[in-house]
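Reader: I have a new structure to look at. Can you help me read it?

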Amino acid sequence: MLVRGAFRHCAWCGGRGAFFVGWFKKAEYCQSCGLKWRRDDVGYELGAAAMTAIITFGPLMLILGGMVAWTWPEVNVVPMFIVLAVLAVVLPFFTYGPAYCMWQAIDILLRPPEPEDFEIVGDTTLDDDADAASGGSSSERGN
């Protein structure tokens, strides 16, 4: 499930881009299986933010260690911090989606989904209800 999340897929069904309808815009539920993004857990966003920090700071620490080892004993600090500062700003743009999907996988492992955690995907009754509330379907209004 974590591997599915690392590639921004739904951890439950493996649907591609299931929760994301844009690079940063999330849907309320998986577009493939209907699993809700937030399953009535108040602190869900905090866990997802922590996952983003781990995925972002891990590579930064490895790069820092590699740069220090490469330039030892004459460590030039200013270029190293410039590179790390640029990466610290840019890297979260790439790790945002995978981190949230990986947190979804961890959440599913800790709290398996219940039937009420799913939405019906492709439900047309909502469209029919909206047409009925507005005075009938478009074909009926044309007559």
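Reader: At what angle do helix α2 and α3 pack, and how far apart are their axes?

Author: Two packed helices are described by the angle between their axes and the distance between the axes. This is a predicted model. In it, helix α2 (residues 44-71) and α3 pack at an angle of about 140°, and their axes lie 6 Å apart. That makes α2 oblique to α3.

Reader: In which hand does α2 pass α3?

Author: The crossing is right-handed.

Reader: How many helices and strands does the chain have?

Author: Five helices and zero strands. From the N terminus on, the order reads α-α-α-α-α.

Reader: Where in the chain is confidence highest, and where is it lowest?

Author: Start with the chain as a whole. Its mean pLDDT is 80, with 83% of residues at 70 or more. Confidence is highest in helix α3 (residues 77-110), at a mean of 89. It is lowest in helix α5 (residues 138-141), at 43.

Reader: Over which residues does pLDDT stay under 50?

Author: Residues 124-143. For that stretch the model has six contacts beyond four places in sequence.

Reader: What share of the contacts in the chain with a separation of 6 or more joins residues 24 or more positions apart?

Author: Such pairs account for 59% of those contacts.

Reader: What percentage of the residues is buried?

Author: Buried residues make up 27% of the 143 in the chain. Now take the surface. The accessible area of the chain comes to about 9200 Å², and 67% of that belongs to carbon and sulfur atoms.

Conventions: Residues numbered from 1 in each chain as written. Predicted model: local features only at pLDDT ≥ 70, side-chain atom pairs only at ≥ 80, totals over all residues. Heavy atoms only, no water. pLDDT = per-residue confidence, 0-100. Helix = DSSP H or I, 4+ residues; strand = E, 2+ residues; numbered from the N terminus. Contact = heavy atoms within 4.5 Å. Buried < 20%, exposed > 50% of the residue type's maximum accessible area, 1.4 Å probe, protein only. Areas by Shrake-Rupley, 256 points an atom, 1.4 Å probe, with all protein chains shown as cover. Axes fitted to C-alpha atoms, helices over the stretch in contact; angles between N-to-C directions. Parallel < 35°, antiparallel > 145°, perpendicular 65-115°, else oblique. Left-handed = near helix turned anticlockwise from the far one by under 90°.
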